[in-house]
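Have a look at the fold below before reading on. We'll go through it piece by piece.

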Amino acid sequence: MALGRLLHGDPQYDTDGTAIGHGRGYELFTTIAFGGRRDRAFTRLAALSGARPGDRVLDVGCGTGYLTRRMAAAVAPNGTALGIDPSTQVVDHARHLATGLAGCTFERGIAEGLAAPDASFDVVVSSLMIHHLPAEARSQALAEMYRVCRPGGRLLVADFRPPSSRIGRHLVGAAAGPAMEHNPIGQLTALVRDAGFTDLAVGDLRPWLRHVTAVRPAARQDPA
Ligand SMILES: C[S@@+](CC[C@H](N)C(=O)[O-])C[C@H]1O[C@@H](n2cnc3c(N)ncnc32)[C@H](O)[C@@H]1O
């Protein structure tokens, strides 16, 4: 399986590898790509999300659950972290990796049509998922995150920040595909704001992440 295919799957969401093979391949690639900084970066994302013990967290496009597990730790002992992903293979692998971790569960699902009821989570997070979506689906995904986040609840979205140099972007494109070479990371804040979230804060984490945190207003202010 080519690396770009590994990271960006096919439109059926069920890739052609085995469940374990896909999950392991993704884990290996990401570990290498973060060069030893993955744990620090994702632990920091969990802290930036503002999740507190007892919170209910949703991780949209959870993959193998790397961030979901850190969210589960952040909301322990009484909180819950649910990861959703369209790929049966990575959901199975995420369940395997979270064996024995209380309050951490995984289900199949898609960002553009979340199965959860309105306002059912205190915190919604999503890492490295938005660039997987076709441009026309991104607003719908953010609208769904807004819908399932309770008023006063928090959002954290992080995505891949391509290298600023042209050669760096070419190398990324060769290794991981054009979606990451040309990821329009600058549009992330507009997507979050247009969905209705407020109090946006933007930051970067080395080596590759941009994150946006925001709040769903406590008083109802649905987007126009
Ligand atoms: C690069 S991985 C990131 C996984 C994980 N969040 C992380 O940070 O390691 C992107 C994930 O987005 C998922 N994905 C793709 N399309 C999606 C959609 N429409 N809704 C939700 N997740 C999607 C993929 O299956 C994949 O697991």
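What follows starts with the sheet, moves to the helices and loops, and ends at the ligand.

A word on ground rules first: this is a predicted model, so local features need pLDDT of at least 70 and side-chain atom pairs count only at pLDDT 80 or more, while totals for chains, interfaces and linings use all residues. Residues are numbered from 1 along each chain as its sequence is written, and side-chain values use heavy atoms, with hydrogens and water left out.

Start with the open sheet of seven strands, which has mixed pairing and the order β3-β2-β1-β4-β5-β7-β6. Strands here are DSSP runs of E with at least two residues, helices are runs of H or I with at least four, and both are numbered from the N terminus. Two strands pair if DSSP finds at least two bridges between them. At the edges you'll find β3 (104–108) and β6 (198–205); each has a single partner strand, so one side of each is left without a neighbour in the sheet. From one strand to the next, the twist averages 15 degrees; angles run from 0 to 180 degrees between N-to-C directions, with axes fitted to C-alpha atoms, for helices over the stretch in contact.

Now zoom in on β6 and its partner. Strand β7 (residues 209–215) runs antiparallel to β6, and six bridges join the two. You can pick out G203 opposite H211 in β7, and T198 with its bridge partner V215.

As a rule, most peptide bonds are trans and most residues other than glycine have a negative phi. Two other spots are worth a look with that in mind. A76 and P77 are joined by a cis peptide bond with omega of about 10 degrees, and P77 lies in the loop between α4 (66–75) and β2 (80–85). A119, in the loop between β3 and β4, is not a glycine, yet its phi is positive at about 55 degrees.

Next, the helices. Helix α3 (residues 38–48) lies across β4 (121–127), β5 (149–160), β6 and β7, and runs at about 15 degrees to β7. Helix α6 (residues 135–148) also packs on the sheet, touching β1 (56–60), β4 and β5, and its direction makes about 145 degrees with that of β5. Contact here means heavy atoms within 4.5 Å.

So what surrounds the ligand? The count is 16 residues, the closest being Y26, G61, D85, E112 and S127; a residue is near if one of its heavy atoms lies within 4 Å. By type, this shell splits into 10 nonpolar, four polar and two charged residues, where Ala, Val, Leu, Ile, Met, Phe, Trp, Tyr, Cys and Pro count as nonpolar, Asp, Glu, Lys and Arg as charged, and the others, Gly among them, as polar.
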